[in-house]
Amino acid sequence: MKIAILALQGDFAEHEAGFRSLGCDTFQIRQKKDLEHHADALILPGGESTVQGKLLRELDLIEILRERIGNGLPVMATCAGTILLARQLLDDPVSHFGTLNAVVRRNAYGRQLDSFFIHGSFAGLPDVPMSFIRAPQFEFCAPGTEVLAEHQGRITAVRQGNQLAMTFHPELGKDLRVASWFLSEIVQKRHSV
Amino acid sequence: MKNTQYELNCDLAKMLKGGVIMDVTTPEQARIAEDAGACAVMALERIPADIRAAGGVSRMSDPGMIRGIQEAVSIPVMAKCRIGHIAEARILEAIGIDYIDESEVLSPADDVYHINKQAFKIPFVCGARDLGEALRRIAEGAAMIRTKGEPGTGDVVQAVRHMRKMMQEIRRVNSMADDELYEAAKTLQVPFHLLDKVRSTGKLPVVNFAAGGVATPADAALMMMLGAEGVFVGSGIFKSGDPAKRAAAIVKAVTNYQDAGMLAELSTGLGEAMVGINPAEIKVIMEERGI
């Protein structure tokens with residue numbers, strides 16, 4: 001399986017290492033010519049969504065990727081990646097891909113002092129390590145959204161079709177179950193749209 | 001198992017990777033930096049070049065000024081305290097800064113001890129010239145390292161020297177046998193367990209940025225080629241002719257540092273770079289502070 005990792009800014013190397021140890025081929029997307037390669041899935045890493053969003057536009061990547069996600073390319077997004085996917089951002093007039101029918105609030109928990117780490121359940125998998133780092137929150141998800149994880153009454157992971165979006169980081173430790181779930185449940189069973 | 005604040009702090013630094021952190025002195029500059037694609041800003045009253053020009057004692061910035069910058073942008077905000085100045089660090093923690101830079105750019109408050117950063121909840125970044133300095137700062141609790149370079153000069157030579165040295169030492173440690181590693185811990189004056197971690201992973205245990213003297217997109221790309229995971233730009237942006245354009249070009253140069261064609265485009269028509277001074281012309285050597 002060939003996994004494309006958006007590598008404009010952020011913790012793309014952690015995602016890449018994870019998918020490699022699961023036996024996938026990976027490549028990085030840093031500019032338009034990187035889009036010539038075939039990919040079975042796209043990873044949107046953590047980082048600063050303002051930086052990633054700006055570079056997506058200036059490097060002329062946003063339209064092509066939006067179209068591919070719209071056409072059903074499986075995508076896994078963590079933290080900033082979820083902000084890129086959201087249809088609407090609270091307190092911010094700009095949205096990016098806008099393919100995920102959800103409203104997201106940036107830095108919803110506060111500043112770095114309010115970042116936290118928990119073990120939680122994800123799609124029935126118990127005790128998954130989850131780091132919330134200046135994390136966003138889902139304020140609204142369209143009806144029919146599959147909720148995969150929650151924390152203190154807040155949705156923290158969702159699936160809509162071939163899009164998996166999380167407000168936390170599953171990629172920072174050695175536990176690869178979330179990535180592995182994405183491969184088996186979304187990439188291999190890719191829904192046609 | 002990771003559940004400590006320290007690990008969360010190291011993880012925040014991972015979110016900054018591949019990005020550019022810019023020195024700003026006003027909310028307006030902070031917004032220019034954010035719009036240009038900065039992944040964080042460093043709030044300070046005077047940029048290093050002006051600190052150099054002004055002379056005298058340089059201290060933590062007015063918290064009111066830092067708050068103004070926190071309110072102006074949505075990206076992480078860092079601020080500097082003097083080396084060893086525990087009280088300044090506590091003040092910055094109290095106003096909810098995202099990262100503290102215990103920085104040699106300011107006048108050191110303690111000429112023997114660095115801050116025990118393990119006693120803080122807030123993350124720290126510290127400067128280092130080599131592997132020994134880096135691991136000593138990490139032992140004290142730094143969650144991120146940057147090269148010292150020679151701040152405020154617009155001359156990248158010191159940052160290059162420090163990054164080269166660090167990478168050479170990491171490669172050397174990487175191939176050591178156990179008995180050699182004990183000896184290396186002794187000569188580098190660092191904890192054995194941290195050095196052992198460097199040996200097994202081939203990198204620093206925390207994120208490693210370049211800083212000090214970066215003035216052009218090519219400088220930023222050079223530091224990435226030498227192994228930096230991201231770049232701090234201090235005086236280089238707001239001491240130049242067209243800060244917004246230069247800042248945006250440096251951001252893109254860091255992402256696409258391997259593409260010379262794009263670097264050529266990014267380097268074109270940027271206007272005047274900061275004038276800069278070379279090491280032989282400067283009186284205050286900041287890199288020697290806090291080793």
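How many bridges join β7(A) to β8(A), and do these strands run parallel or antiparallel? In this predicted model, 6 bridges join the two strands, which run antiparallel; strands count as paired if DSSP finds at least two bridges between them. β7(A) and β8(A) make a hairpin with 2 residues between them, and A:A123 in the turn has a positive phi of about 45°. A:F122 sits opposite A:L125 in β8(A).

A quick word on the ground rules. Residues are numbered from 1 along each chain as its sequence is written, while chains are lettered from A and ligands numbered from 1 in the order in which they are written. Local features need pLDDT of at least 70, side-chain atom pairs count only at pLDDT 80 or more, and totals for chains, interfaces and linings use all residues, with side-chain values using heavy atoms and leaving out hydrogens and water.

Now for the chains themselves. Chain A has 5 helices and 12 strands (DSSP runs numbered from the N terminus: H or I with at least four residues for helices, E with at least two for strands). The radius of gyration of chain A is 15 Å, close to the 16 Å that the globule rule gives for 193 residues, so chain A is as compact as a globular protein of that length. That radius is taken over C-alpha atoms, and the globule rule is 2.2 Å times the number of residues to the power 0.38. Along the principal axes, the C-alpha atoms of chain A fill a box of roughly 40 × 35 × 30 Å.

Chain B comes with 13 helices and 8 strands. With a radius of gyration of 18 Å, close to the 19 Å from the globule rule for 291 residues, chain B is also as compact as a globular protein of its length. The C-alpha trace of chain B spans about 55 × 45 × 40 Å along its principal axes.

Next, the place where the chains meet. Here 37 residues of chain A are in contact with 41 residues of chain B, contact meaning heavy atoms within 4.5 Å. Together the two chains bury about 3000 Å², 56% of it on carbon and sulfur atoms; buried area is the accessible area (1.4 Å probe) that two parts lose on being put together, summed over both. A:R111, A:Q112 and A:L113 supply 23% of the area that chain A buries against chain B, more than any other three residues.

The rule finds 5 salt bridges across the interface of chain A and chain B, a salt bridge being a side-chain nitrogen of Lys or Arg within 4 Å of a carboxyl oxygen of Asp or Glu. The side chains of A:K33 and B:D259 meet in a salt bridge, at 3.9 Å from N to O. Over all chains, the count comes to 35 salt bridges. Inside chain B, B:E93 forms a salt bridge with B:R90, with the closest N and O atoms 2.7 Å apart.
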